[in-house]
Amino acid sequence: MRELICISCPQGCRLTAEISGDSWLITGNRCPRGEAYAKQELTDPRRVVTAVMPTDDPAHPFIAVRTDAPCPKAMIPGLLNKLYRTVVKTPVKNGDFVIKNIDNSEISVIVTENI
Amino acid sequence: MVRLDYDVVIAGAGAAGLAAGTVCAQAGCSTLIVDREGRTGGILNQCIHNGFGLRYFKEELTGPEFAYRMSEKARHAGAEFALNSAITDIKQLEDGTFDIRVLSGKDGVTHLHARAVMLAMGCRERNRGAIATPGERPAGVFTAGTAQKLLNCEGKLPGKSAVIVGSGDIGLIMARRLRWSGIEVKAVIEIMPHSAGLTRNVVQCLHDFDIPLYLSTSVIRIDGKERVEKVVAAPLNSDRTPDTSRAFEIECDTVLFSVGLIPEMELARKLGVKENPATGGAEVNSAYSTSVPGVFSAGNVLHVHDLVDFVAEEAEYAGKCIVDYLVGAKTGKEFSSAAGKNLKYAIPNRFAAAKATRFLFRPTVVTDRAVLKAMVDGKSVWEKKLAFVRPAEMIIAEVAADTLHGDVTFELEEL
Ligand SMILES: Cc1cc2nc3c(=O)[nH]c(=O)nc-3n(C[C@H](O)[C@H](O)[C@H](O)COP(=O)(O)OP(=O)(O)OC[C@H]3O[C@@H](n4cnc5c(N)ncnc54)[C@H](O)[C@@H]3O)c2cc1C
Ligand code: SF4
C-alpha cells in the first residue's frame, strides 16, 4: 500500500493506492482526477515546469515561460539548464512556442506573457 | 485618461480590481481602474508558477496568464485604465460622491470625481521587523515576495544557500523556485504545529526536493557580519517558548521570511472606514460595502486569500453590488455576524436577512471532520458539515435567504 497526496487541485486529498499485479485500488480521492494522478505519480511522476528565460529586449530582460504539459521529473534539471541558456527573441505573445518538442517528448515550452 | 468624472473608480488593477471593473463596465457604468504599477495584474505578475484559475477558468494557468485573461475581459467590457498612477487620497464630498487624488509621473497630481469607489489595493508582506528576530542585521535577509520579484521579474539570484522562515504559500513556492534556479534550500522553519500553506505546495515544493520542514520551531537568531552566515533555531516547549537546550544551527547566506500578509489599508484609513481587527481589512456588509456608503472592498485588501479564483469571484460579486448601489437599490434590514469558537474571522460582518449570503471563514484549527454552526440567541439555527479543515484554506458557506433572523455568531465544532 502506498500513501500520497493529490496535487491536482488545492483540496490536496490524501490518497492510498493498493497495487496487486495489474489492478489498482485508489481510495481517498474526491474526484476522478485523483485516481489518474496516483497512477501517473507511482509510475511516471511529472510536473509542469515554470521558469524565466532571458530575452533580447533590454526593456524586458526576462520572460515567464512554462511547459505546455507536465514534464517527466528526470527531464527537469536538463530542461531548466536549457531554458536559462536560451535567449528568447522578441516580440512574442502569450502562448507562443520557444522550444518545441523537447527531446522528442512531445512537450513544448510556451511563453506566458506578451513582450 | 479621457475624462475625469466616473461612475466608479477602482483603486488597484490586480485580480480584484479587474474582476469588479469588468462587471461595472459591462453594466454600462463608466469605470476607471487605477494602478501605481505600469502593468495590470498586480501580484499575479510575479507568480510565474502554475496553479491559478482551476475554479474560475477551469484550466490551470500561471499568474501572468491569469492576469492577462482578466485584463482582456476588463478591456473588452469597456473599462478604462490609468497606469503608473498612484491614488494618494480619497475624500467623501458632502453629496456622498468622492474626490480622488492621483499622482503620476506623467501628469503630476490630478483629481478624479466618482460616485462610488472600490478598494482593491491588495496586501503587502509582513517584514522581518514585524516579528522581530534578534541578531545582527547582515545582508541577505529578504521577504519571500521581494525575493520572488527579484528572481522572476529581474532575473537576480538572492544568494547561494537559503533558509526560509515561515511556511506560507509564498515561502513554499519560493523554495521550489530557488531549487530550480540552482540555489540550495536548507530548511523551512515554521513556528506553528502545521504548515501555513496549502498541502499541495508542501508536496510539490518541499517533498519533491527533500527539503526539511521543521514545525513548532522558532528562529532565535540570525548571525553574520556583512552577509548572513547562519540561522539558529530551536524547537518550542509545550508553553511555546523556544527550548534553547535543543537549539541547532543551519549555515546559509540567505534568509527569506514568509510570515504572512497584511491588507494595504492606508487609503481606507484616510477615508475613515471601520476596520476589522481579525482580518486587518475593512468591515463590510453582504454587499461588500464598507462603513462609508459608496466605498466597496474586495480581494486581498479585504482579507488575505490563498486562491485568486476566490478573489475574482468575490470581486465580481462586489462589482454587481456597486452597480446596484449606483441605481439606488436598497439592501433591507441587516443583522450582524461574528466569528466564535475555532474561527479567526467571518465575512461579511453585516448581512441582509432577506437575501442569500455567501459567508467566508478562516478556521484556527486543523481537523478532518467538523460542523459549522450559526448561533442566534444561543441556539444553532443552521449547520454545515465540513471535511479537511485547515487554517490555510478558507471555508465558504452559502446560507439561503430568510434563514438567519437575528444577529449571528458562527462556531466551528470539531467532531
Ligand atoms: C506569492 C504568492 C503566491 C500565490 N500563489 C497562488 C496560487 O498558486 N494559486 C492561487 O490561486 N493564488 C495564489 N496567490 C493568491 C492570489 O494571487 C492573490 O490573492 C490575488 O492575486 C490578489 O489579488 P488582489 O487584486 O486582491 O491584489 P493584488 O494583486 O495585490 O493587486 C493590488 C493592486 O493594487 C495596486 N495598488 C495598491 N495601492 C495602490 C494605490 N494607492 N494606488 C494605485 N494602485 C495601488 C497595486 O499596485 C496592485 O497592482 C498567491 C499570492 C502570492 C502573493
Ligand atoms: S482527488 Fe480531485 S479533489 Fe482531490 S485533490 Fe485531487 S483533483 Fe482535487
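Trainee: What makes the charged end of B:Arg69 count as sitting over the ring of B:Phe57?

Mentor: A charge sits over a ring if NZ of Lys or CZ of Arg is within 6 Å of the ring centre and within 35 degrees of the ring normal. In this predicted model, the charged end of B:Arg69 is 5.2 Å from the centre of the B:Phe57 ring. B:Arg75 likewise lies over the face of B:Phe81, at 4.9 Å from the ring centre.

Mentor: A word on the ground rules: the model is predicted, local features need pLDDT of at least 70, side-chain atom pairs count only at pLDDT 80 or more, and totals for chains, interfaces and linings use all residues. Residues are numbered from 1 along each chain as its sequence is written, chains are lettered from A and ligands numbered from 1 in the order written, and side-chain values use heavy atoms, without hydrogens and water.

Trainee: Why is the pair of B:Tyr288 and B:Tyr317 called edge-to-face?

Mentor: Rings of Phe, Tyr and Trp (its six-membered ring) pair if their centres lie within 6.5 Å; planes under 30 degrees apart are stacked, over 60 edge-to-face, and the rest tilted. Here the centres are 6.0 Å apart and the planes at 75°, so the pair is edge-to-face.

Trainee: Why is B:Tyr288 called buried, and B:Tyr317 partly exposed?

Mentor: Buried means under 20% relative accessible area, exposed over 50%, and partly exposed in between (1.4 Å probe, protein chains only). B:Tyr288 has 4%, so it is buried; B:Tyr317 has 33%, so it is partly exposed.
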